[in-house]
Amino acid sequence: MDTLTFGSPILLRHLTYSEAKKEPIMEVRLDTTLAGLGFTMDQFVDLCILLGCDYSDTIKGIGAIRAMSLMQQHKSIEEILKAIDSSKYPVGDSFDFESARSLFKTPEVLDPEQIDLKWLPPQEEALYKFLVEDKGFNKERVLGGIEKLKGKSTGPAQSRLDSFFTAKPREIPVAAAKRKVNIL
């Protein structure tokens with residue numbers, strides 16, 4: 001969901017679900033979402049940070065409903081922090097909303113022309129050391145994952161996402177055409 005917070009105009013959810021799950025593909029449009037919420041992009045970013053993101057902890061006791069209400073009333077995290085009772089809603093040092101906001105508004109983006117990706121065989125010993133010895137992952141699962149990685153490196157290349165779509169940019173992929181599409 002962070003893709004909207006980074007400014008992606010459209011988010012597709014459940015695109016890769018199997019037909020058997022009967023989940024509709026959900027199209028979430030950023031402009032429609034902002035209009036529906038009555039928020040600017042800056043306010044939307046602040047709401048998403050309050051709701052929880054990968055770049056900051058949340059404020060204990062503030063869930064989705066309260067976060068929405070506080071954003072509608074105060075319009076920014078700074079104003080919310082001035083207004084809330086800090087004994088009831090303690091703000092920890094790990095609530096680094098300013099860094100999170102900066103990451104969403106000015107992400108570091110690499111120039112694709114400068115990137116040279118190559119699929120190489122996995123470094124088995126390094127993976128094992130990092131995952132099992134350093135991070136405490138299950139030995140059998142890691143070894144199984146390494147075997148899968150080794151098998152993938154000799155198999156056919158993965159299809160590109162755009163190969164699932166026709167030349168018309170707004171058309172639904174053939175594989176998903178049988179499924180309902182919800183547009184938000």
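Me: Is Glu 78 buried, partly exposed or exposed?
Reply: Buried means under 20% relative accessible area, exposed over 50%, partly exposed in between (1.4 Å probe, protein chains only). Glu 78 has 28% relative accessibility, so the residue counts as partly exposed.

Me: What should I know about the model and its numbering?
Reply: This is a predicted model: local features need pLDDT of at least 70, side-chain atom pairs count only at pLDDT 80 or more, and totals for chains, interfaces and linings use all residues. Side-chain values use heavy atoms, with hydrogens and water left out, and residues are numbered from 1 along each chain as its sequence is written.

Me: Which residue forms a salt bridge with Glu 78?
Reply: A salt bridge is a side-chain nitrogen of Lys or Arg within 4 Å of a carboxyl oxygen of Asp or Glu. Here the closest N and O atoms are 2.8 Å apart. The partner of Glu 78 is Arg 101.

Me: How many residues apart are Arg 101 and Glu 78?
Reply: Helices are DSSP runs (H or I, at least four residues), numbered from the N terminus. Arg 101 lies in helix α6 (residues 97-105) and Glu 78 in helix α5 (residues 77-83). The pair links distant parts of the chain, and the separation is 23 residues.

Me: Is Arg 101 buried or exposed?
Reply: Arg 101 has a relative accessible area of 17%. So Arg 101 is buried.

Me: Which residue is linked with Glu 78 and Arg 101 in a network of salt bridges?
Reply: The network links Glu 78, Arg 101 and one further residue.

Me: Are helices α3 and α4 roughly parallel or roughly antiparallel?
Reply: The axes of α3 (residues 41-51) and α4 (residues 64-74) come within 9 Å and cross at roughly 150°. Axes are lines fitted to C-alpha atoms over the stretch in contact, with angles from 0 to 180 degrees between N-to-C directions. Angles over 145 degrees count as roughly antiparallel, so α3 and α4 are roughly antiparallel.

Me: Which residues of α4 make the contact with α3?
Reply: Contact means heavy atoms within 4.5 Å. From α3 come Gln 43, Asp 46, Leu 47, Leu 50 and Leu 51. From α4 come Ala 64, Ala 67, Met 68 and Met 71.

Me: Which residue meets Asp 116 in a salt bridge?
Reply: The N to O distance is 3.4 Å. Asp 116 is exposed, at 60% relative accessibility.

Definitions and conventions: Helices (H or I, at least four residues) and strands (E, at least two) are DSSP runs, numbered from the N terminus. Angles under 35 degrees count as roughly parallel, over 145 as roughly antiparallel, 65 to 115 as roughly perpendicular and the rest as oblique.
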